[in-house]
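Try each task before you read its solution.

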Amino acid sequence: MIIDGFVHQLPDTDPTETQEWLDSLDAVVEAYGKTRARFLMSKLLERARQLQVGTPATVSTPYVNTIPAEQEPWFPGDELLERRIRAFIRWNAAVMVIKANKHADGIGGHLSTFASSAALYDVGLNWFFRGKEHGAAGDAVYIQGHAAPGIYARAYLEGRLSEAQLDNFRQEVGGDGLSSYPHPRLMPEFWEYPTVSMGLGPLNSIYHARFLRYLQNRRIDDTSGTTVWCFIGDGECDEPETLGALTLPAREQLDNLIWVVNCNLQRLDGPVRGNGKVIQELEAVFRGAGWNVIKVVWGSKWDELLARDVDGVLLDRMNRTVDGEFQRYAIESGAYIREHFFGPDPRLRKLVEHLSDDELRTLPRGGHDYRKLYAAYKAATEQGGAPTVILAKTIKGWTLGPDVEGRNATHQIKKMTVDQLRVMRERLFLQEIIPADALSEDKEPPYIRLAEGSVEQQYMLNRRRQLDGPVPERRTEVRRPLGMPEDKAFDEVLKGSGKQAASTTTAFTRLLRNLCRDANVGPRVVPIIPDEARTFGMDALFKEFKIYAAKGQLYESVDAQLLLSYTESKDGQLLEEGITEAGSMASFIAAGTSYAHRGVPMIPFFTFYSMFGFQRVGDLIWSATDSRARGFLLGATAGRTTLLGEGLQHQDGHSHLLASAFPTIEAWDPAFAYEMATIIRHGLHQMLVEGRDVIHYLTLYNENYTMPALPDGAADEIVRGLYRWADAGENRSHRATILFSGTGQGAAREAQRELAERWDVAADLWSATSYKKLREDALSTERWNRLHPTEPARTPLVTELLGSDGGPVVAVTDFMKAVPDQVSRWVPRTFVPLGTDGFGRSDTREKLRGFFEVDMPHVVVATLWGLARQGEVKAETVAEAIAHYGIDTERTDPRAFDLG
Ligand SMILES: Cc1ncc(C[n+]2csc(CCOP(=O)(O)OP(=O)(O)O)c2C)c(N)n1
Ligand SMILES: [Mg+2]
């Protein structure tokens, strides 16, 4: 057999003995069947592990609980009281969603996700998750987005949210509402981790746990008391982001990471693996990746059945039944289960003879059994050397009644009839709490309130007190403040490159190095790179600041003798993430939110190929802004013509357009090193001094030219988004303005000379560092004017700066024309944008700039055309220029790739 072909290559020191073992196994299979053989094999493997024989781990185990009943710890709580409280939470969560949809039809919300996971959260909140009181940093708990109603319902019982807030679930505009899902932007004192874009929470939790180790190993903060918990849907596991980084926590032995996968076997449309078994599939994936896996499949009532299953028929049935069938059993009667699950085999049927149909129907899944969960969580927190995943089997919509539980439509159900509420009331044993007449068509279903000082309230609050206060809670007190870096970190870059040519990328690397060396902020700077350091000249940082490696460097690097050797270290500063922009973004978020989740501000600088940023991991960037992360995103090798040679997939001409859609991102396209340094200093001031939750996106280029020094007084103007870079010079017959950004500066400067010398046009040059910023200012001003029609109108900055005369305005950029066009409406002059619309292609910069019509001749022609439109020069003059520069007017538009 080829799969185990390796065995034939191992030395067999005693073939006779080998044959005896094999014969024994053959005999067992023949005489007692495969089940018995499997059992013996499992026993052997267990013994081998005990003897530390070192057999490779198996990736799957039978469909039973990992922790046997006899190894369960004593449950320390008041079981009845906890169950009662859980019933209250379940009820309130459902009522909240139902009421919201009654008052605001179609407002949405989810009943069944939390209904399936209530015990998963409750056991954690009563016994494990640590809060932030007494100066503790607490645990980091990533909550499944659609379970939010249950978290609100508990916070209400704890007195953290008011009834009015519950009534405003999903109605935020009037204030005092509750956000649909975990959004720190919208509820900054409550939610910490946005999770509802599926897959991002799990990925972020991995890098969060890893970042805590980084802080510890670099002696920046003691993070040993924090566990990262992440709740995940089984359907969510299909997102590549969810399972895409599993090997990292195993490799780095992140035993501070625990995942709980709510295996309700359903996603939005139907079963996750109707024809298979999601728990088994996930077990194999996680075990293969090196995780500790704890399956919580069956509730306590099954223990007795399993104990009596001497023939292994029950186990066999469990192993063979596919999820689609299990889902069916969740909605069927006890008689049906008896007939179909236990029925076919008389030995199985006998096993449950003593149980009534009703008892059969309610044989619980492990994920609804707090004892099993307590045992699993306890084992997970005590596990050393590996991350743990708990795979908990549940029923979607559990306790919501037969019309909702386990139904394929359950995810979308947000309304319940009075009859359905009555059934739920009984199901949760709430008859004494909610009078029968409280539920009627003409009444609002009531919330359950806890009387001040009631036993339930005391119990809940006491449990949370024992665990250092509420969860979730977002705090932003800074425990380890951080001041601004010293000026000298910037000076080297601000003074320009003298006669030497340099790129904004190399200037940035220099600035980053200076910041890492800075006495004030140095250790808190987190450079993040996805296997691209050499591309950006950042390999210079490897030796001095070292690459973070959980295990240090266990080998001598091939370049150890070189000045810039590849140096890994346990206290390394650089996060060299390998080829994962998504993982790098997750590190960025972990570092960029450290000011809040640890009270320790850190300054992440994530440098990437600009094409693989907003386009590749835009949703993570969106999530970073929701997380209120602070830091810098550097889109290097930017531009569609600057990154010569690389072609269609690499040349970025639109990341600034994408960035324009992100509300809290300041997007910059600096042309010169001093602009870049000024913007970064401005950003640091916002983050470290003004305490603003802002992310700065800067594009960096790899084109070398001499970098001028920061002009006097320009610093404030640079961060407004636009400033005059050079006057028009001597008077000419015509005037014009050229706006440039990024490497557009080259064509603009050349065109200025050419226009003056050959075409009698005096053009002033402006550097547009941020069209996004100018547009936002103009939109705000316009809005103010619209809403204050009787007051003197205000003028947008861009209008004020460029004025209404001075000839046409030509804007040249290495990005799409839509980027400068963001402000054209507010420039009361002829506005001609030149940009790089269309797919990139490989060629030299010069050829590409001609191709995309952003080179000097095109800037000149555009300027003359603008003048012609204003009647200042004749159309013939434009034609003359076109002929002079040999521009082919009949060539295909670079956007029209389909024309071949
Ligand atoms: C990226 C992304 N795609 C799609 C959705 C829409 N969506 C919300 S919940 C859901 C199903 C969730 O199923 P599962 O992960 O199994 O969670 P459960 O509610 O069953 O616990 C889907 C598709 C989303 N929130 N995020
Ligand atoms: Mg599910």
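Predicted model: local features only at pLDDT ≥ 70, side-chain atom pairs only at ≥ 80, totals over all residues.

Residues are numbered from 1 along each chain as its sequence is written, chains are lettered from A and ligands numbered from 1 in the order in which they are written, and side-chain values use heavy atoms, with hydrogens and water left out.

**Exercise 1. Find the protein donors of the magnesium ion (ligand 2).**

Step 1: Look for donors, meaning N, O and S atoms within 2.8 Å of the metal (3.2 Å for Na, K and Ca); water is not among the atoms, so sites may look incomplete.

Step 2: Read off their spacing along the chain: D-x29-N-x1-Q. Asp 234 sits in the loop between β2 and α8 and Gln 266 in the loop between β3 and α10, so this pair ties together parts 32 residues apart in sequence. (Helices, H or I with at least four residues, and strands, E with at least two, are DSSP runs numbered from the N terminus.)

Step 3: Check burial, where buried means under 20% relative accessible area, exposed over 50% and partly exposed in between (1.4 Å probe, protein chains only). Asp 234 is buried at 2%, and Gln 266 is buried at 3%.

**Exercise 2. Which way do the residues of strand β13 point?**

Step 1: Ile 665 and Ala 667 point one way, Glu 666 and Trp 668 the other, and all are buried. In a regular strand, side chains alternate between the two faces of the sheet.

Step 2: Now find the neighbour: β13 pairs with β14 in the parallel sense over four bridges (pairing takes at least two DSSP bridges).

**Exercise 3. What does Arg 371 meet in a salt bridge?**

Step 1: Use the cut-off: a side-chain nitrogen of Lys or Arg within 4 Å of a carboxyl oxygen of Asp or Glu. The partner is Glu 79, at 3.0 Å, N to O.

Step 2: Arg 371 is partly exposed at 31% relative accessibility, and Glu 79 is partly exposed at 23%.

**Exercise 4. Where does Asp 693 lie?**

Step 1: Asp 693 is in the loop between α27 and β14.

Step 2: Its side chain meets that of Arg 628 in a salt bridge (2.6 Å, N to O). Arg 628 is buried at 15%, and Asp 693 is buried at 14%.
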